[in-house]
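Subject: Handover of a structure

Dear colleague,

Please find the sequence and the structure below for your files. A summary of what was found follows directly after them.

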Amino acid sequence: MALYAIGDIQGCHAEFCELLSLIGFSPACDRLWLVGDLVNRGPDSLAVLREVKALGPAATTVLGNHDLHLLTVAAGHRRAHRSDTLAPILEAPDRDELLHWLARRPLAVAEDDLLMVHAGVLPQWSVDDVLARAREVEEVLASDGAEDFLQALYGDRPEAWRDDLDGYDRLRIIVNVFTRMRFCTPEGRMDFREKRGAAFAPAGFAPWFAHDQRRTAGTRIVCGHWSTLALMLAPNVLMLDSGCVWGGALTALRLPDGRVWQVGSRAPVIPEPR
Ligand SMILES: [Mn+2]
């Protein structure tokens, strides 16, 4: 029995299957953690969704920004972007089942000394804070209020967390932290414009994981989202987005020993913008 974490798949179904067979994954005795962004931009998001859903309790996936974009487009609140590859899901006979399943995935999961989110966590949040805030959003996504919430989901504001935020502002910033954040200030103000690597931090900002006083520093965080950082295996930050959809690779990491497997992307290399 082993636990494997896999980075952002984004519809790269062939690479996902190749990676599962490379690690010898067995749903009967192994477990899979997926860092989110199962869908979009890549060639076969529908097959990825069906495959991960069919793995049942053997696979745990957290929601990423592209997964939420799919839910929002499906609800009719946003138009698909030109580079989106979501149409086959929206037209699939099992679309409702797949979307219902996706909307009930968590935003954060913790087990032993591990914590998984798609993008990051604010420096001033403890592991308990992370889980409590994730549950707030998960409850709404699984409720009758989900459609209204998805309509109010998008936006960069508020840009800083406050404990007394409420309503959609509170839910929106929680989602932005878990699914979109790259750079923030020590107080937890976020920047969403810069998508390049750590060297491009806007003045006053640093990568979310680089702040000295970060309260989750003693926990191993499994995440993805920041493909311009490529694969980053710091002792307590395991960032697994190695840019498969951009021509990079899809990565699997075995926990707790840290052995890594990769399969090369079948997509052409796209240097930017991610
Ligand atoms: Mn992402």
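Leaving aside residues up to four places away in sequence, arginine 220 touches Asp113, Leu114, Asn236 and Leu238; two residues are taken to be in contact if their C-beta atoms, placed from the backbone, lie within 7 Å. This arginine 220 belongs to strand β9. Helices (H or I, at least four residues) and strands (E, at least two) are DSSP runs, numbered from the N terminus. Between arginine 220 and methionine 116 there are 8.4 Å from C-alpha to C-alpha, although they are 104 residues apart in sequence. With 18 other C-beta atoms within 10 Å, arginine 220 is partly exposed. A residue is called buried if 20 or more other C-beta atoms lie within 10 Å of its own, exposed if 12 or fewer, and partly exposed in between, with C-beta atoms placed from the backbone.

Two remarks on conventions are needed here. The model is predicted: local features need pLDDT of at least 70 and side-chain atom pairs count only at pLDDT 80 or more, while totals for chains, interfaces and linings use all residues. Residues are numbered from 1 along each chain as its sequence is written.

The five-stranded sheet

An open sheet of 5 strands has the order β3-β2-β1-β12-β13, with mixed pairing. Its edge strands are β3 (59–61) and β13, each of which pairs on one side only. On average, neighbouring strands of this sheet are turned by 20 degrees against each other, direction ignored. For such angles, axes are lines fitted to C-alpha atoms, for helices over the stretch in contact, and angles run from 0 to 180 degrees between N-to-C directions. Two strands count as paired if DSSP finds at least two bridges between them.

Within this sheet, β1 pairs with strand β2 (residues 31–34) in the parallel sense over 4 bridges. Leucine 3 has arginine 31 as its bridge partner in β2, and tyrosine 4 has leucine 32. β1 is also joined to β12 by 4 bridges, and these two strands run antiparallel. Here isoleucine 6 stands opposite alanine 252 in β12.

Helix α1

Together, β1, α1 and β2 make a right-handed β-α-β unit; right-handed means that, with the strands pointing away from the viewer, the path from the first strand over the helix to the second runs clockwise. The buried residues of α1 are His13, Glu15, Phe16, Leu19 and Leu20. Seen down the axis of α1, these buried residues fall within an arc of 160 degrees, so they line one face of the helix; the arc is that of the directions from the helix axis to the C-beta atoms. They pack against β1, α2 (45–54), β12 and β13. After α1 comes glycine 24, with a positive phi near 65 degrees.

The three-stranded sheet

A further open sheet has 3 strands in the order β7-β6-β8, and its pairing is antiparallel. β7 (190–191) and β8 (206–207) stand at the edges with a single partner strand each, so one side of each is left without a neighbour in the sheet. Strand β6 (residues 183–184) pairs with β7 in the antiparallel sense over 2 bridges. In this pairing, cysteine 184 stands opposite methionine 190 in β7.

Backbone points to inspect

Two cis peptide bonds deserve a look. One joins arginine 157 and proline 158, with omega about -5 degrees. Proline 158 is in the loop between α7 (146–151) and α8 (167–179). Another cis bond runs from leucine 255 to proline 256, with omega near 10 degrees. The loop between β12 (249–255) and β13 (260–264) is the place of proline 256.

Positive phi values in residues other than glycine are also present. Glutamine 10 has phi near 45 degrees and lies in the loop between β1 (3–6) and α1 (13–22). Glutamine 10 counts as buried because it has 31 C-beta neighbours inside 10 Å. Alanine 230 has phi near 60 degrees and sits in the loop between β9 (220–223) and β10 (232–234). With 15 other C-beta atoms within 10 Å, alanine 230 is partly exposed.

With kind regards
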